Amino acid sequence: VLFNGLRRLEYRGYDSAGIAIDSNSSDPIPSSSSSHSSTVSQPPLVFRREGNIESLVKSVYQEVAETDLNLDESFSVHAGIAHTRWATHGEPAPRNSHPQSSGDGNDFLVVHNGVITNYEVLKETLVRHGFTFESETDTEVIPKLAKFVFDKANEEGDQTVTFSQVVLGVMRHLEGAYALIFKSRHYPNELIACKRGSPLLLGVKDLTENMNNASAFHDEKFLSKNDHPKELFLSSDANAVVEHTKKVLVIEDGEVVHLKDGGVTILKFDSDKGQHGGSFSRPASVQRALSVLEMEVEQINKGKYEHYMQKEIHEQPESLTTTMRGRLIRGGSHKAKTVLLGGLKDHLKTIRRSRRIVFIGCGTSYNAALAARPILEELSGVPVTMEVASDLLDRQGPIYREDTAVFVSQSGETADTLLALEYALENGALCVGITNTVGSAIARHTHCGIHINAGAEIGVASTKAYTSQIVVMAMLALAIGGDTISNEAKREATIDGLIDLPNKVREVLQLDQEMKDLAKLLIAEQSLLVFGRGYNYATALEGALKVKEVALMHSEGILAGEMKHGPLALVDENLPIVVIATRDACFSKQQSVIQQLHARKGRLIVMCSKGDAAAVCPGESCRTIEVPQVEDCLQPVVNIIPLQLLAYHLTVLRGFNVDQPRNLAKSVTTQ
């Protein structure tokens, strides 16, 4: 179960992994660490390994084969933890993998997502108290701090210190973002999880209940200790839980979840109370409601495809249809064509009255917002600005009460975007979320939002989420634009274009083989330039980002209007250059760019609208990629697909890992 969970999470981090399980079910041994009577179990077994999950699995079975451990032994209760890592502090190596330990005997073990910002201060203190550190991680201070708190309480106390009290003592001292799970031999068969900033959820599976009876469950019955055998799953991502149960509880910041004897207790950590700056309260929010996951295991399998990225590129006609389902009103003889965005309807007036609209995102999500910016400006008449989330925070850029801030994030957990959201909320702006993950932090903390419904995206390089984000933001522009007469023709053309868009995407996917052939020509290249302008500046940036991310080839997206201001110096007969020149208001300017690049003997690959090949290609040496023409604001959705296919094939031909590119993780939940 633990290994399978890690396989489902591997797209989030895959440079090292580890697991901790109980060694056997033999009798607990009396504890000598305190004056009063308590028991500790045998030390748990910890396996850690550099490399992907499969190398961990292999090494665990090899190591177990050399011992007398029986992996088939049944336990009435068992608590195991596992972790796959994306290195932030310390290189990928077994000593830096999680679970991190409190030291010899593995009294306390911890798995951690996030970054502890004050770990150096804590480390110095613990070293002074005689602890020795083996890893370079920020995480190692957590189990050692737990041991310190536990030992100290036992020295002083005449009553048994509970696991919750130990964890509370640790949380008081931690600064930064974290989702943590603690396991301890002093508290056999118990786990405690807590979080601040990083995502965490609890899955509940009652083994006596008919699996199909998903609607008839009572939260109290499920979470309380009773005679029903249960399985409880803590995970940073629903993907790892969905094959076991669809009943989940999203853990909120500051909540501490204690699993013991099949029961779940939820406490709230209140950092404002208590003389040491932290105490447990038991507020009403402890009675939490379970929600049902709306996802199927099939969504997170590869099906007939070799890689997730390939599957996600090819399922874009379906994902776009799902994104638009129920949101486009086609209109009739007397009714106008409109857009229905339920999550925004109460806030549209406020957005229309706002002083400006600010798009905030990182990476691909930023590029998607950039692609939608022109149509939003055109239909809303409100100034639209763009902010990279980390840069907005670095500058402490002004955000006003009259602003609408739109936060774009596939996972809804991107750390930089979340911090920017906190910043915008403090400044009183109306905050709108656009995410692909129901119940994610951005979805929960914004005032309103739109879910893109693209389905689970597993490949690290975002493909279908990008196109769905553009479509959602185009629909946002239509909703904000309302029904002004001056925009009527544009609005109707855009809605018709949206309705037909999945067919156009199906058509452009037929270029797959052509892109594979082009990739063969570019396989040995060191660099690639992509020129775009207007609606397709975002396409240039995103196409270049895809090539960088997966094919590990230097590529740069450049605003074509800036070509003469520097980049032209790079052009020679060897450097491959992609120019996006589909038919729109900028077409004649792009023709001029192509002529200038041709005059410098540039090696051109031109993306043009069907039938334009002769018009855009000045010479024999030029290659064209012909794509179907759609409404100008939707053209970026069609134009990115050949570049996604090119990046995919380049990566496969170069022999790199498509779904798990070097040094990258799927959702960046660390700063």
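**Notebook: a predicted chain, loops and helix pairs**

Residues are numbered from 1 along each chain as its sequence is written, and side-chain values use heavy atoms, with hydrogens and water left out.

**Entry on Ala-240**

I placed Ala-240 in the loop between strand 11 (230-235) and strand 12 (247-250). Helices (H or I, at least four residues) and strands (E, at least two) are DSSP runs, numbered from the N terminus. Leaving aside residues up to four places away in sequence, I found that Ala-240 touches Gly-5, Arg-8, Leu-9 and Ser-235 (contact means heavy atoms within 4.5 Å). I also noted that Ala-240 and Glu-10 are 230 residues apart in sequence, yet 9.8 Å apart from C-alpha to C-alpha.

**Entry on the whole chain**

I recorded 20 helices and 28 strands for the chain. Of its 671 residues, 57% are buried. Among contacts with a separation of 6 or more, 73% join residues 24 or more positions apart.

**Entry on Cys-633**

I found Cys-633 in the loop between strand 28 (623-627) and helix 20. Cys-633 counts as buried because its relative accessibility is 1%. Not counting residues up to four places away in sequence, Cys-633 touches Ile-375, Thr-494 and Tyr-535. The C-alpha atoms of Cys-633 and Leu-376 are separated by 9.5 Å, although the two residues are 257 apart along the chain.

**Entry on two helix pairs**

Two packed helices are described by the angle between their axes and the distance between the axes. Axes are lines fitted to C-alpha atoms, for helices over the stretch in contact, and angles run from 0 to 180 degrees between N-to-C directions.

I saw that the axes of helix 14 (residues 464-481) and helix 15 (residues 488-508) come within 11 Å and cross at roughly 155 degrees. Helix 14 is therefore roughly antiparallel to helix 15 (angles under 35 degrees count as roughly parallel, over 145 as roughly antiparallel, 65 to 115 as roughly perpendicular and the rest as oblique). From helix 14, Val-471, Met-475 and Leu-478 meet Arg-491, Thr-494, Ile-495, Leu-498 and Leu-501 in helix 15.

I then turned to helix 16 (residues 512-522) and helix 20 (residues 635-654), which pack at an angle of about 50 degrees with their axes 8 Å apart. That angle makes helix 16 oblique to helix 20. Residues of this contact include Met-515 and Leu-518 of helix 16 and Leu-646 and His-649 of helix 20.

**Entry on backbone exceptions**

Most residues other than glycine have a negative phi, and most peptide bonds are trans. I noted a cis peptide bond between His-98 and Pro-99, with omega about 0 degrees. Pro-99 is in the loop between strand 5 (81-85) and strand 6 (100-101).

Leu-552 has a positive phi, near 55 degrees, and lies in the loop between helix 17 (537-551) and strand 25 (554-559). At 25% relative accessibility, Leu-552 counts as partly exposed. Lys-601 has a positive phi near 65 degrees and is in the loop between helix 18 (587-599) and strand 27 (603-609). At 59% relative accessibility, Lys-601 counts as exposed.

How values were computed. This is a predicted model: local features need pLDDT of at least 70, side-chain atom pairs count only at pLDDT 80 or more; totals for chains, interfaces and linings use all residues. Buried means under 20% relative accessible area, exposed over 50%, partly exposed in between (1.4 Å probe, protein chains only).
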